[in-house]
Amino acid sequence: MNEAVTNLWSVPLLIIIPILTAILVNLLYNKTKAIRAISVGASIAVLAIAVLSPYGFHWFAGHPAVNSDGTYTFTASVFSWKLSLEYYYGPLQQILIGLMSLLLLFTVLIATKSLSKNLGPYLAIIFLTYVSAAAVLMTNDFYHLWIAVELGSLLVAGLVASSGTAYAQKAALKYTFFSALAGSGLAISLGLILGLTGYVNITDAIHFLMSNDLGGMYAVLYVAFAFLTLAWVYAGGLVPVHPLKSDVYRSAFPHGTVLLQTQSKLMLVAIGIVMLRLFGSLPFATDVMLVISVLTMIFGVVMALIQTDLRWILAYLIVSHSGLVTVGLSLGTYRGIVGGIFQALNDVIYMSILLICCEMLLYFGKGSTSIKFGGGVAKKSPWLAAFAVLGAMAASGIPPFNGFQSELILLQAALEQGLPEVAAVILMVSVSTFVALFRAIYSIFLKPEPEKTSESYVGRFKMPDVVFISLVVLLSISLILGVYPQLAFSFINESALKVVLVPWVP
Amino acid sequence: MIEISLQLLGFIAATVLVVVGIAGMLYLDNLIKKLIAFTLLSDGVNLALVSLGYVQGGIVPILEPDASIFEFPNEAALIFGPGIVLTNIVIGVSTTAILAALIVVLYRRYGSLKASKVLKGDRE
């Protein structure tokens with residue numbers, strides 16, 4: 001597919017179709033069959049668009065920031081500001097949005113199978129969550145970035161609260177209160193960059209910063225960086241927001257958490273890339289990002305090790321592995337960025353496998369995910385046990401699964417930068433993930449079931465076809481990317497090179 | 001001179017509102033008071049953004065047919081400030097609505113608006 005500066009109409013469809021679907025299913029409320037048909041159809045449609053859409057721009061106002069001949073729109077013309085609100089759809093957006101669309105389809109299929117009450121509003125929130133992450137990935141202007149992050153944070157609260165438990169509602173309230181702080185910070189950051197450069201378009205703003213001496217105004221740029229970092233930390237659940245985010249991951253339905261963690265990881269990548277493009281040349285900027293990332297890895301995995309419930313373990317591991325994603329980006333090198341993005345891709349896949357296994361235990365097995373609850377699930381559902389064990393192997397970075405490849409690249413990137421201590425933390429996260437996950441998996445799946453106990457999973461698990469197919473597809477992707485990682489690199493390499501060499505190009 | 005002071009005053013008032021809002025959200029125990037503190041914070045951010053777009057002796061950023069396109073960019077106020085504020089107001093209202101809904105649900109469950117009681121962490 002050729003990249004072209006044309007006003008592509010397939011790109012906004014990735015936003016418009018889910019929004020229309022959300023409105024429609026919300027109106028249908030409890031009409032399960034109609035909601036199922038519409039939402040599955042819409043999920044397949046956005047997946048098809050993500051796969052088939054050509055690469056290029058869609059601009060909502062003004063003109064594209066990059067011209068078709070490779071030049072940039074910024075010139076010292078009489079109009080010192082330009083209204084260039086645009087989306088860019090390239091190989092990176094294609095693979096990330098494509099994967100998210102696939103997970104949206106699985107989430108919708110599982111939700112319509114396991115839930116019957118208030119299905120319409122619940123699926124509306126699911127679709128809008130997808131919209132927020134897709135918009136953040138595609139946008140090349142601060143205005144859309146800000147709106148999508150704000151929208152995403154409100155939807156996270158909605159998705160969590162909809163699980164209906166007191167703990168979930170409290171988690172949603174705390175998260176929304178903090179979103180008020182982070183959202184305001186992002187608005188101020190946007191205002192400061194706008195005030196400094198006069199541009200709302202990221203390409204134009206970077207070009208302005210590179211070709212003008214800010215003099216004493218550099219301090220303002222640092223303040224803008226600080227506020228954007230706050231939004232990045234908040235959107236991705238990095239330290240010090242990790243307790244709020246792990247509460248959120250734990251409190252939502254596991255299939256909802258599949259989409260929540262996908263949204264968080266993809267936002268981390270998208271905002272992280274914007275930060276590198278805009279502030280990468282500032283002294284200390286990448287150092288600050290690196291410190292936050294390393295602390296997130298350590299805090300997340302240590303908290304995971306002391307949990308006694310598989311859902312809590314996964315909640316903290318998702319946070320910890322977010323640190324793995326951002327540590328790659330924070331290194332700021334080509335290899336580091338490739339490793340970070342590839343880690344995000346892999347992380348989303350294997351965590352989804354484990355979360356769907358949790359869904360099976362809780363809602364189809366009528367049991368618990370606590371390691372103190374019964375055992376012997378492997379005997380009742382060997383397939384489920386196999387999926388859980390293989391998913392945990394992928395998460396622990398064991399070959400031939402995908403986690404191994406991305407963690408290897410991150411290790412190489414850290415060592416290349418002369419940071420063996422960061423490499424050691426990455427290794428520690430990998431080993432601790434293995435310990436935390438297999439301790440729970442042994443207790444729930446492999447340990448013999450105690451005799452004559454009331455706390456046991458009911459009868460034999462009947463795994464619904466949609467769950468089985470979802471797990472097979474995700475595990476296959478995990479295995480394929482583990483054996484042939486170059487399949488993903490062909491989508492990621494170009495974006496990583498652009499960030500390092502020509503940061504103004506989206 | 002007066003115009004410069006007006007912009008400065010705008011920033012000072014915005015800073016006061018933001019600081020009071022953040023302090024209220026962090027330290028007040030009543031959930032409704034926290035919600036009110038959030039609206040103060042949001043108003044402070046809006047005021048800061050409006051002040052940012054201020055141009056001394058500037059004109060409304062609408063290009064009239066008889067206006068000079070050479071002078072207009074230098075004279076017009078930055079249009080994005082009010083644009084962002086408009087969006088921020090919508091976002092603020094949405095956030096307030098969600099917060100209020102969650103507070104009502106938790107009040108029905110616990111019969112209290114005290115954050116120290118309602119938000120006490122009890123894992124399931």
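Start with Gly397(A), which counts as buried because it has 27 C-beta neighbours inside 10 Å, and 20 or more is the cut-off for that label. Keep in mind that this is a predicted model. Gly397(A) sits in the loop that links helix 15 (382-395) and helix 16 (402-416) of chain A. Setting aside neighbours within four places in sequence, Gly397(A) is in contact with Gly403(A), Phe404(A), Glu407(A) and Ser430(A). Look also at Val431(A): this residue is 34 residues from Gly397(A) along the chain, and their C-alpha atoms are separated by 8.4 Å.

Now for a pair of helices in chain A. The axes of helix 11 (residues 285-305) and helix 12 (residues 310-331) of chain A come within 7 Å and cross at roughly 160 degrees. That angle makes helix 11 of chain A roughly antiparallel to helix 12 of chain A, because angles over 145 degrees fall in that class. The crossing of these two helices of chain A is left-handed. Helix 11 brings residues including Met289(A), Ser293(A) and Gly300(A) to the contact, while those from helix 12 include Tyr316(A), Ser320(A) and Gly323(A). By class, the residues of this contact divide into 13 nonpolar, nine polar and no charged.

Finally, step out to where the chains meet. The contact takes 31 residues from chain A and 30 residues from chain B. On the chain B side, the elements giving two or more residues are helix 1 (2-27), helix 2 (31-52) and helix 4 (80-110). Helix 4 of chain B gives the most, with 14 residues. The side of chain B that touches chain A has 21 nonpolar, five polar and four charged residues.

Terms used. Residues are numbered from 1 along each chain as its sequence is written. Chains are lettered from A and ligands numbered from 1 in the order in which they are written. This is a predicted model: local features need pLDDT of at least 70, side-chain atom pairs count only at pLDDT 80 or more; totals for chains, interfaces and linings use all residues. Axes are lines fitted to C-alpha atoms, for helices over the stretch in contact, and angles run from 0 to 180 degrees between N-to-C directions. Helices (H or I, at least four residues) and strands (E, at least two) are DSSP runs, numbered from the N terminus. Angles under 35 degrees count as roughly parallel, over 145 as roughly antiparallel, 65 to 115 as roughly perpendicular and the rest as oblique. A crossing is left-handed if the near helix is turned anticlockwise from the far one by less than a right angle, and right-handed if clockwise. Two residues are in contact if their C-beta atoms, placed from the backbone, lie within 7 Å. Ala, Val, Leu, Ile, Met, Phe, Trp, Tyr, Cys and Pro count as nonpolar, Asp, Glu, Lys and Arg as charged, and the others, Gly among them, as polar. A residue is buried if 20 or more other C-beta atoms lie within 10 Å of its own, exposed if 12 or fewer, and partly exposed in between; C-beta atoms are placed from the backbone.
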